[in-house]
Amino acid sequence: MRKQTGKPLTVEQMDELTALAEMPDAAIDTRDIAEVRDWRGARRGLLYRPVKQQVTLRLDADTIAWFKAHATPDEGYQTHINRVLRDFVRDHSKKHATRRAAS
């Protein structure tokens, strides 16, 4: 169960959101919203939370030691391992897609 992060919306707020959701994008006036031009403080994946699956995995002790030594306060060693594996899968998938397209 997720922890509630804010106050529940009022009936008026829900009605406004429903009305906005039903409007076509071109009809929504966004001129009063400032355009974000500086993305230096942005963090990728902040709102995206993929479903995780707990597994038991045997890795070499020196590999675990390396990841632990390179862990940062904002990203633990297990998160780092997951990111490295995700990057590998993404890059590997692109290579296979390119090969299939060339065949």
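A: This is a predicted model, and the setting comes before the pair. The protein exposes about 10,700 Å², and carbon and sulfur atoms supply 55% of that area. Of its 103 residues, 4% count as buried. The protein has 3 helices and 0 strands, which gives the pattern α-α-α along the sequence.

Now the rings. The count comes to 1 aromatic pair. The partners are Trp-66 and Phe-67, whose ring centres lie 5.1 Å apart. That is a pair because centres within 6.5 Å qualify. The planes of the two rings stand at 85 degrees. Planes over 60 degrees apart count as edge-to-face, so the pair of Trp-66 and Phe-67 is edge-to-face.

The two partners also have their own accessibility values. Phe-67 has a relative accessibility of 11%, and it counts as buried because the cut-off for buried is under 20%. Trp-66 has a relative accessible area of 45%, so Trp-66 is partly exposed.

For a contrast in setting, consider the charged surface. Arg-43, Arg-49, Lys-52 and Arg-86 gather there in a patch of positive charge. One of them, Arg-49, sits in the loop that runs between helix H1 (11–22) and helix H2 (61–69). Arg-49 has a relative accessible area of 53%; exposed means over 50%, so Arg-49 is exposed.

Technical notes. Residues are numbered from 1 along each chain as its sequence is written. This is a predicted model: local features need pLDDT of at least 70, side-chain atom pairs count only at pLDDT 80 or more; totals for chains, interfaces and linings use all residues. Side-chain values use heavy atoms; hydrogens and water are left out. Helices (H or I, at least four residues) and strands (E, at least two) are DSSP runs, numbered from the N terminus. Buried means under 20% relative accessible area, exposed over 50%, partly exposed in between (1.4 Å probe, protein chains only). Accessible areas come from the Shrake-Rupley method with a 1.4 Å probe; for residues, only the protein chains shown count as cover. Patches are made of residues with over 30% relative accessible area and no salt bridge: like charges are joined within 9 Å, nonpolar side chains (Val, Leu, Ile, Met, Phe, Trp, Tyr) within 5 Å. A salt bridge is a side-chain nitrogen of Lys or Arg within 4 Å of a carboxyl oxygen of Asp or Glu. Lys and Arg count as positive and Asp and Glu as negative; His and the chain ends are not counted. The place of a charge is taken as NZ of Lys, CZ of Arg, CG of Asp or CD of Glu. Rings of Phe, Tyr and Trp (its six-membered ring) pair if their centres lie within 6.5 Å; planes under 30 degrees apart count as stacked, over 60 as edge-to-face and the rest as tilted.
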